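Okay, thanks for coming, everyone. I'll walk through one model today, so let me put it up on the screen.

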Amino acid sequence: MEATGAASQPSAPQTTHPAVAPLAFLLGKWRGEGEGSFPTISSFRYGEELLFSHHPSKPVISYTQKTWKTASGEPMHAESGYWRPRPDGSVDVVIAQSTGLAEVQKGSFDAEKKTVTLQSELVGNASKVKQITRTFQVADGELSYVVQMATITTSLQPHLKALLRRI
């Protein structure tokens, strides 16, 4: 009997690192659709998948994102990074985009309201992008977000928004 118990033990649910627990509402794979616009480009729609993963021994969340054209399935954009929640309700985020752009963001989270608000501290390797903000919310089993952007010629305004479901 012990052999059976030992064999089933690795499949037992893993715990969450205490530092990550307040952001556990983000963990998992999310899929849905979004739309983008900006004064300097044509509006567009996209499919998207986000993955927030975590190992219980680390106080950090791994983040990956990919998008594709809804009509053809052709890849559009991808990014990955890490989210490090702090005990004071702040969060540090680093993101590398497939375009070569890198973001360092700081923000805050509200575990009760299941929201995260981020603002860029640094947008690296970007000749035109000057500021990026991201707001995430989980409600009724759906993850929604809004990304705003400012460039050297355009003030901060909405760029992307999406609604995703956990899969």
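**Overall picture**

So, of the 167 residues in this protein, 38% are buried, where buried is under 20% relative accessible area, exposed is over 50%, and partly exposed is in between, with a 1.4 Å probe and protein chains only. Before going on, the ground rules: this is a predicted model, so local features need pLDDT of at least 70 and side-chain atom pairs count only at pLDDT 80 or more, while totals for chains, interfaces and linings use all residues. Residues are numbered from 1 along each chain as its sequence is written, and side-chain values use heavy atoms, with hydrogens and water left out.

The protein has one helix and 10 strands. Those are DSSP runs numbered from the N terminus, H or I of at least four residues for helices and E of at least two for strands. Reading from the N terminus, the order is α-β-β-β-β-β-β-β-β-β-β. The C-alpha atoms fill a box of roughly 70 × 40 × 30 Å along the principal axes.

What does the record say? UniProt, in an unreviewed entry, annotates residues 20–166 as "domain: THAP4-like heme-binding". Its positions are given here in our numbering, feature names are shortened, and annotations may be inferred rather than shown by experiment. That span is 69% strand and 0% helix, and its end C-alpha atoms lie 18 Å apart.

On to contacts, meaning heavy atoms within 4.5 Å. Of those with a separation of 6 or more, 37% are between residues 24 or more positions apart.

**The core**

Now the largest nonpolar core, with 33 residues. By that I mean buried Ala, Val, Leu, Ile, Met, Phe, Trp, Tyr and Cys residues joined through side-chain atoms within 4.5 Å. Leu26, Phe52, Trp83, Val116, Phe136 and Leu143 have the most contacts inside this core. Strands giving at least two residues each include strand 1 (28–38), strand 2 (41–53) and strand 8 (129–139).

Let's zoom in on Trp83, in strand 4. Is Trp83 buried or exposed? Its relative accessible area is 0%, so Trp83 is buried. Leaving out residues up to four places away in sequence, Trp83 touches, among others, Leu26, Phe52, Tyr63, Val116 and Phe136. Leu23 is 60 residues from Trp83 in sequence, yet their C-alpha atoms are 9.6 Å apart. With the same exclusion, Leu26 touches Phe52, Trp83, Val116, Val138, Leu143 and Arg166.

**The pocket**

Next, the largest pocket, at about 680 Å³. On a 1 Å grid over the protein atoms alone, a pocket is an open set of points where a 1.4 Å probe fits, with protein on both sides within 12 Å along at least five of seven lines; lining residues have an atom within 4 Å of a point. The volume is the space filled by probe spheres set on the points, which are joined across faces, edges and corners.

Which of the 29 lining residues are closest to the centre? They are His77, Gln97, Met149, His159 and Leu160. Strand 2 gives the most to the lining, five residues. By class, the lining has 15 nonpolar, nine polar and five charged residues. Here Ala, Val, Leu, Ile, Met, Phe, Trp, Tyr, Cys and Pro are nonpolar, Asp, Glu, Lys and Arg are charged, and the others, Gly among them, are polar.

**Two loop residues**

Last item: positive phi outside glycine. Asn125, in the loop between strand 7 and strand 8, has phi near 60 degrees and is exposed at 68% relative accessibility. Asp140, in the loop between strand 8 and strand 9, has phi near 50 degrees and is exposed at 76%.
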